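User: I am new to this structure and would like to understand the words used for it. Could you take me through them one at a time?

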2 protein chains.
Amino acid sequence: MVANSDEMRRAAPRRQRTAREHGGTALDAPTTDDGQAGERRQEILEVAAQLFAEHGYRSTSIRDIADRVGMLPGSLYYHIRSKEALFVEIHDKALDAAAIRVRDAIEPLADPWDRLLAACEEMVEIQLNPGSLTLPIMNIFRSVPPEVKVALLRKRDEFETIFRLIVEDLPLPAELDRSIYRILLLRLLNTADEWYHEGRLTRREIAGQIVAIFRHDAARGETQA
Amino acid sequence: MVANSDEMRRAAPRRQRTAREHGGTALDAPTTDDGQAGERRQEILEVAAQLFAEHGYRSTSIRDIADRVGMLPGSLYYHIRSKEALFVEIHDKALDAAAIRVRDAIEPLADPWDRLLAACEEMVEIQLNPGSLTLPIMNIFRSVPPEVKVALLRKRDEFETIFRLIVEDLPLPAELDRSIYRILLLRLLNTADEWYHEGRLTRREIAGQIVAIFRHDAARGETQA
DNA sequence: CCTACCGATCGGTAGG
DNA sequence: CCTACCGATCGGTAGG
């Protein structure tokens, strides 16, 4: 419905990409750095998060997001700085929210296996519930531009510390490598939305199965509770 | 370096997408259905497989592939029918090759845990070795067009039968759900390239760790070998 | 937040 | 396999 006429292209003044040359990169998030445009902005973040989660970074266009939020594509840029910044912001906020939820879930528990179970339950819940901003955008790496990737990875490492601590406390048999153990566990949890099929088992049961598989006690001759 | 001049757009004859209306869809693979253009075609498949594996479906352009293979973008279409067909063909061939390798690896073995270990070792090897066509394109779903996805899933199910049979023979404790067990295991194996970091452990050791985690014997009070 | 664009890039094609 | 394109779509922008 837009720009299709060649005749109107009258000596278009050459514009180079000088935007935001006044300090800050395209990854620096909000246009307005106060909370001003808050509510509408939140809606954009949630809509975008869902689309990114479903189709990946590259296959989700600014136009898709604008459509769903009921704006024209250009108008989005009143609220966001760039597609990249939008994605990074969603990603970081989702991880922050997830970190809080997981920490809260394990905090009252003392037994290491109980803590692992609680963390897994929480993560499965987070990944499978398309609620607000705790969304499965945790594993969209392949289609993301390289510069964005480094921003994502830094935040990722931060988040995974929680699990490093949990795994450290587990009384695992010596032959298990805790680093690999943590990586494998996180991979399953973080990609839950990709392998989970709404079916016979509840989310808690799924989490229970994961822990049942990952549960190995150092004391020889002991496996499950 | 191409089409930039408006003046040359002289009453461009309207062409609609009538291509290949003579039977067959865009997913039907080769242009020449004999082996004619074989060698060059093989090169295209391998180059494309690597790029798809690295950047995903959407972020890999026909131009990227053509560049690497030393052709102009349009020339690719002498060898392939469409980007979609190319991807599906690579995917299916990779799965066929993987199926053969895994079957061959477990065939001489009788013990169910030995068979699982051999299958895991083979899968890790396949996913981590960017050799020819046995490549980690097994988990590019998010950025792929919906029609392509169904073609992929059918082939996927076929492949996963191998693991269904292996898991069926495992003397697992009753509380473990074999379906979930298989899904989780396959997820780790299929995405090995995403979580593996070249490091202290060899591929075989990685496979060993996976099996160590997934190994649970029904006989109470027994865990590892 | 809309109007009205831009330049780049995409998958793909006709004709040689 | 190249030349020479096409129409669609992309992220993004100036100016209101």
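**Reading the model**

Analyst: Gladly! In chain A, residues 38–98 carry the annotation "domain: HTH tetR-type", which comes from an unreviewed UniProt entry; UniProt positions follow the numbering used here, feature names are shortened, and annotations may be inferred rather than shown by experiment. This is a predicted model, where local features need pLDDT of at least 70 and side-chain atom pairs count only at pLDDT 80 or more, while totals for chains, interfaces and linings use all residues. Residues are numbered from 1 along each chain as its sequence is written, chains are lettered from A and ligands numbered from 1 in the order in which they are written, and side-chain values use heavy atoms, leaving out hydrogens and water.

User: What makes up residues 38–98 of chain A, helix or strand?

Analyst: Over that stretch, chain A is 75% helix and 0% strand, with the end C-alpha atoms 21 Å apart. Helices (H or I, at least four residues) and strands (E, at least two) are DSSP runs, numbered from the N terminus.

User: Why is A:Glu121 called buried?

Analyst: Buried means under 20% relative accessible area, exposed over 50%, and partly exposed in between (1.4 Å probe, protein chains only). A:Glu121 has 18%, so it counts as buried. This residue sits in helix α5 (residues 112–128) of chain A.

User: What makes the pairing of A:Glu121 and A:Arg204 a polar contact?

Analyst: Their side chains are 3.2 Å apart at that contact. The term asks for a pair of N or O atoms within 3.5 Å; within protein, one must be able to donate a hydrogen and the other to accept it, and residues adjacent in sequence count only if both atoms are side-chain atoms.

User: Why does B:Arg68 count as partly exposed?

Analyst: Its relative accessibility is 48%, so B:Arg68 falls in the partly exposed class. B:Arg68 belongs to helix α2 (residues 62–69) of chain B. Leaving aside neighbours within four places in sequence, B:Arg68 is in contact (heavy atoms within 4.5 Å) with B:Val47, B:Gln50, B:Leu51 and B:Glu54.
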